[in-house]
Amino acid sequence: MKSFVLAPQINVCDSTAEFCNEYAIGKGDLVFISQRSLDANFANKFTNATIIDYRKYGVGEPTDLMVEGIYNDIKNIEIKRVFAIGGGTILDVAKLFALKQIMPVDKLFAGEITPQKNKSLILIPTTCGTGSEVTNISILELTKNKTKLGLANNALFADEAVLIPELLHDLPFRFFATSSMDALIHAIESFTSPKATELTQMFSLNAMDKIIAGYQKIAADKTALDDKLLHDFLTASTYAGIAFGNAGCAAVHALSYPLGAAYHVPHGEANYAMFMQVYKTYELIENKPVLQALKQHLATILHCSANNVFSQLEALLQQIIPLKALHEYGVTTNDLTAFTDVVMQKQGRLMANNCCELSSANVLSIYKQLY
């Protein structure tokens, strides 16, 4: 049996001022936000709230150490609502703090603690990639295990997701590029997942359409990234989040996690590094009907033959942000085998969603070709 869940109420605010008036954040509220975003968009707006700048607890992707540090600082403060305003790191961390018990965090992610939500959770994305605002998934790097793991549970769904396109104005182009690549990969992996349904694929296809059309405009003219296009990318990210929150992501994400954990490569960029080679490998193993459907749809958008759609897509993505080889991140040849072992042993949740079954040899081959 397949199911489709759309849990959070999705609200759109035309401005940060409208958001502040609507939610009246204050005492009893925990707000995750970077100091930079706070100063730029919400100065003097969150009086008496508990403010957490996650950057004070670590840099890069979210880790168990970051969560433990924040917990120790706020464990004696009474919290009724949890807000998160930021990228995937902030949103994923904030989800955990809406739970009744999160410590020890490694036991929570190991399934030894049952997640129970006891606070309201409101998520506001400031990037156009993770889709975390509408998923029930939190991803952490578990430093003891030297890998990333995902915790998926309905207790992690936000009560409300709030989209404010204005918050994307100050996003540096590189972060816009890598986060939107992440959204595109969410859309494509969820489309080809064996858990996909007609409903999830509707969201997947709409996300692909908006993102690729946006990339085509940007490739032709970098100044095309205006308010309307930012709105489209933010909407597409949410569409993709709804799709992969139901149908799941797969090998692209699974293979990216060891790279991100070992060399602190941002999540979207690590996914981009794996993306095209994974799909070229699927194509070689078995050109399944769902893969053919994907290629035909992409060919229509890219105005090319389905037979060379992946090379055409790759060329477009290269115009947005150049692809780096794995050795450029510091990866060694010894890492390739170690990464493969981590994927096959630790990422079964994701690998179960592959378009085609990938063996250990397939995974190692992908890494070697990307090296």
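1. On the side of domain 1 that touches domain 2, the elements giving two or more residues are strand E6 (137-142) and strand E7 (147-152). Strands (E, at least two residues) and helices (H or I, at least four) are DSSP runs, numbered from the N terminus.

2. A word on provenance: this is a predicted model, where local features need pLDDT of at least 70, side-chain atom pairs count only at pLDDT 80 or more, and totals for chains, interfaces and linings use all residues. Residues are numbered from 1 along each chain as its sequence is written, and side-chain values use heavy atoms, with hydrogens and water left out.

3. The domain bounds, from an automatic or database assignment, are 9-168 for domain 1 and 173-370 for domain 2. Their C-alpha centres lie 25 Å apart.

4. What about salt bridges across this interface? The rule (side-chain nitrogen of Lys or Arg within 4 Å of a carboxyl oxygen of Asp or Glu) finds zero between domain 1 and domain 2.

5. Now the sheet: six strands, open, in the order E1-E8-E5-E4-E2-E3, with parallel pairing (strands pair if DSSP finds at least two bridges between them). E1 (9-12) and E3 (50-52) stand at the edges with a single partner strand each, so one side of each has no neighbour in the sheet.
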